[in-house]
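This report is meant for someone looking at the structure for the first time. The sequence and model come next.

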Amino acid sequence: MTAYWAQHAYLAPKPFWPGGFAQRVRFEIENGVFTAIEEGMPQGGAHVLPGVVLPGLANCHSHAFHRALRGRTHAGGGTFWTWREAMYAVAAQLDPDNYLALARATYAEMALAGVTSVGEFHYVHHQPGGAPYDDPNAMGHALIQAAEDAGIRLTLLDTCYLSGGLGADGHLPLAPEQLRFGDGDVMRWADRVSRLETDHFNHRIGTALHSVRAVPRDQLRAMNQAWHHVTDGSHVLHAHVSEQPAENQACQEFYGMTPVELLADAGLLGPSFSAVHATHLTANDISLLGDSHSTACFCPTTERDLADGIGPARALLDAGAPLSLGSDQHAVIDLLEEARALEMHERLATLQRGRITQDELLAATTAHESIGWSDCGTLAVGARADLVAVSLSSVRTAGVPADFVLTAATAGDVTDVIRDGHVVVADRQHRLGDVSRLLADAIEPFWVNA
């Protein structure tokens, strides 16, 4: 048994007790789970965690290789579509070895920011040109190894990507730079995914479809029959949804419906489904997502970096759609900033403050269940023992009440991270050592000839 003690901690609600921020809390951990949590306790020889302790954070939408793009796409302004060309240039250079190095460093940066679980939206499957590797899941296995090395729990959201886009006349074939993303059709995609190892303590296999631009309607319907059979206990399905007005326009012109309506028509909405971005939604889209209790995964720092827009967070919550958060292209890896931006963007869009409560923000920041980990994201007996300590004595947080730490703290204020009872970050140091050096060494080769 290992014991930790915190002056402040955010506890899960209990019967006849509202939960929330508690004082002088002792945590006892055995075999990676909380066996006892008591408030008002003396330190009593337990390891002290500074500041305020939160549950482990969940990064529910990641493209690990996009980390190589940070600071490289801003010259001349540009659009989402010009940004995509730079992304393709990095994707073309990936192989299992350099992907392992880049993802390991990226996941370690996430751990330093308090992330204990990540949903990796993985679509770079094959060699450039589309030929499979000898191991058809070599790239997925590189991501699994990277997360294990970095101390982060992984849901590998293996992504179906079949067409090169959608226009008024229909779907386009994969472009040369997209060939390595595709499997041909849903059944061949499912066959490949079914060969991935499942039911592992630290990683699970989930599924995704890239978007309605990349998966035609007949294949969406086929996916409804296939995706449950290629996942393990996670049983989750994610998709980019209405990130750009151009996507909505193309879908309306060819299918006569919105992307959300097309996904609903295919039977894909439901509590296991996450609509990533969900930025440009109609009132009917919001109702469909809410009525089906689908999750909306917002990525605020990416959405503002790419000038995508501000999604209807409050309206989705009110309709019954839970929210989760992701750092997507990793312009920033800071889940505390993503949470704060969720509320701040609502303020900008509505000219009102206090649109999303602190409890709702923390729920979005710890939505592990949306990537298939229902036993994480809460400080409660029986849950996986994830603890994230956030300093209350930095220049950003000094004088800030513990129960409003989300309004002020950043990733730089995370001091300690424990996942499944194992120390991953101690006193701001990752167990892998100098993460900035790991990042530089992994990223620089992609830009040698730029």
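The sections below cover the basis of the model, its domains, its nonpolar cores and a sheet.

## Basis

This is a predicted model, in which local features need pLDDT of at least 70, side-chain atom pairs count only at pLDDT 80 or more, and totals for chains, interfaces and linings use all residues. Residues are numbered from 1 along each chain as its sequence is written, and side-chain values use heavy atoms, with hydrogens and water left out.

## Domains

The domain assignment, which is automatic or from a database, gives domain 1 (2–55 + 380–435) and domain 2 (57–371). Their C-alpha centres are 29 Å apart. The contact (heavy atoms within 4.5 Å) takes 27 residues from domain 1 and 29 residues from domain 2.

Between domain 1 and domain 2 there are 2 salt bridges, a salt bridge being a side-chain nitrogen of Lys or Arg within 4 Å of a carboxyl oxygen of Asp or Glu. Arginine 153 forms a salt bridge with aspartate 386, with the closest N and O atoms 2.9 Å apart.

## Nonpolar cores

A nonpolar core is a set of buried Ala, Val, Leu, Ile, Met, Phe, Trp, Tyr and Cys residues joined through side-chain atoms within 4.5 Å; buried means under 20% relative accessible area (1.4 Å probe, protein chains only). In the largest nonpolar core, of 119 residues, Phe65 and Tyr107 touch the most other members. This core draws at least three residues from each of domain 1 and domain 2. Another core, of 18 residues, lies apart from it and includes Ala22 and Leu387.

## Sheet

An open sheet of 8 strands (DSSP E runs of at least two residues) has the order β3-β2-β1-β4-β15-β16-β17-β18, with mixed pairing. Two strands pair if DSSP finds at least two bridges between them. The edge strands are β3 (33–38) and β18 (429–430).

How values were computed
Buried means under 20% relative accessible area, exposed over 50%, partly exposed in between (1.4 Å probe, protein chains only). Helices (H or I, at least four residues) and strands (E, at least two) are DSSP runs, numbered from the N terminus.
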